Amino acid sequence: NQFTPWPYSTSTTFTSTNQVRYEINGVVSTGATVKNNLDKVTLASGAWTTYDYVSGQWKLITNRAATEGELASAFVFNDDNIIGDVGITATNLEDLYNELEVEFASRNIRDQNDYYRAEIASEERNDLEPNNTLNLRLDLVNNAIHAGRIGLIELKQSRVDLIITFRADYSALQCQAGDVVKITNSVYGFDNKLFRITKLREVEEENGSITVEVSALQYDPDVYADENLYDYAAVTGSGIPVFGGSAQLPAPSAPVISNVVTATVTPRFSLSTTIDPTSGPVDQINWWYSSSSSTGFIYLTNE
């Protein structure tokens with residue numbers, strides 16, 4: 001899918017740089033459960049955990065594109081090893097995500113909450129598809145590049161919504177959650193169609209035979225394609241020019257005196273100046289005056 005970062009000015013200049021793809025930046029609570037903390041770590045690492053029944057241990061599955069070698073040697077499911085019916089489900093149109101908002105504690109604004117936003121391009125959406133935002137909170141991420149990478153994978157994966165379930169014979173025991181497999185089924189027109197296994201469950205039948213319940217999600221390598229990501233906060237900061245730097249505030253025009261009134265007990269006049277339009281957020285000034293260079297300046301109020 002094509003996606004659009006949530007809008008940036010076309011005049012903004014970005015500097016290209018590289019950083020570690022996944023890095024844990026944050027704190028975990030010792031009062032939380034191990035599983036809860038582990039979920040936070042794996043989410044920030046573009047991975048998930050699963051229990052390996054073969055080894056009897058939990059293991060980490062990286063959510064990445066399969067290599068050419070893995071695809072070439074992928075396990076094949078077909079009528080020879082699939083037992084019974086094959087179930088296919090898909091996400092309803094109104095449940096498809098097409099916008100993304102990732103919340104994280106930004107290192108650029110002293111760990112205050114910031115957001116990475118993006119959306120699926122309109123031409124990539126289905127007809128009459130309503131807006132639906134995928135909201136994520138990444139507790140162990142501190143920059144928009146990292147947040148965007150994880151969020152975009154989740155967003156694009158959510159649109160590859162074809163889920164297949166079936167029961168296979170004992171040969172499926174060699175497969176593991178996270179494996180990309182090939183499925184051939186004439187009823188649905190699948191010819192070595194690629195799916196990634198999300199869940200395996202070993203079942204002992206009444207006759208003593210072993211079967212395996214398989215759940216898998218359609219695999220699309222485009223989900224993992226690297227995108228051009230932007231850390232807008234790192235570029236613009238507050239947007240206020242810095243005195244003494246290369247982007248100094250332009251000086252206002254020379255003071256203009258008008259509405260002079262002298263025939264009164266309290267003489268008065270109006271003092272004005274023009275602020276340069278390029279001064280950004282500056283929209284007012286203060287006046288200070290002095291009758292002598294040795295007495296210092298006094299703030300001029302409206303009286």
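Guide: What follows sets values against definitions.
Guide: This is a predicted model, where local features need pLDDT of at least 70, side-chain atom pairs count only at pLDDT 80 or more, and totals for chains, interfaces and linings use all residues. Residues are numbered from 1 along each chain as its sequence is written, and side-chain values use heavy atoms, with hydrogens and water left out.

Visitor: Why is Asn63 called buried?
Guide: Buried means under 20% relative accessible area, exposed over 50%, partly exposed in between (1.4 Å probe, protein chains only). Asn63 has 14% relative accessibility, so Asn63 counts as buried.

Visitor: Why is Tyr51 called partly exposed?
Guide: Its relative accessible area is 33%.

Visitor: What makes the link between the side chains of Asn63 and Tyr224 a polar contact?
Guide: A polar contact is a pair of N or O atoms within 3.5 Å; within protein, one must be able to donate a hydrogen and the other to accept it, and residues adjacent in sequence count only if both atoms are side-chain atoms. For Asn63 and Tyr224 the distance is 2.9 Å, so the pair qualifies.

Visitor: How do you know that E5 and E9 pair?
Guide: Pairing takes at least two bridges found by DSSP. E5 and E9 have 5 bridges, so they pair. They run antiparallel. One of the bridges joins Gly87 to Thr165 in E9. Strands here are DSSP runs (E, at least two residues), numbered from the N terminus.

Methods. Helix = DSSP H or I, 4+ residues; strand = E, 2+ residues; numbered from the N terminus.
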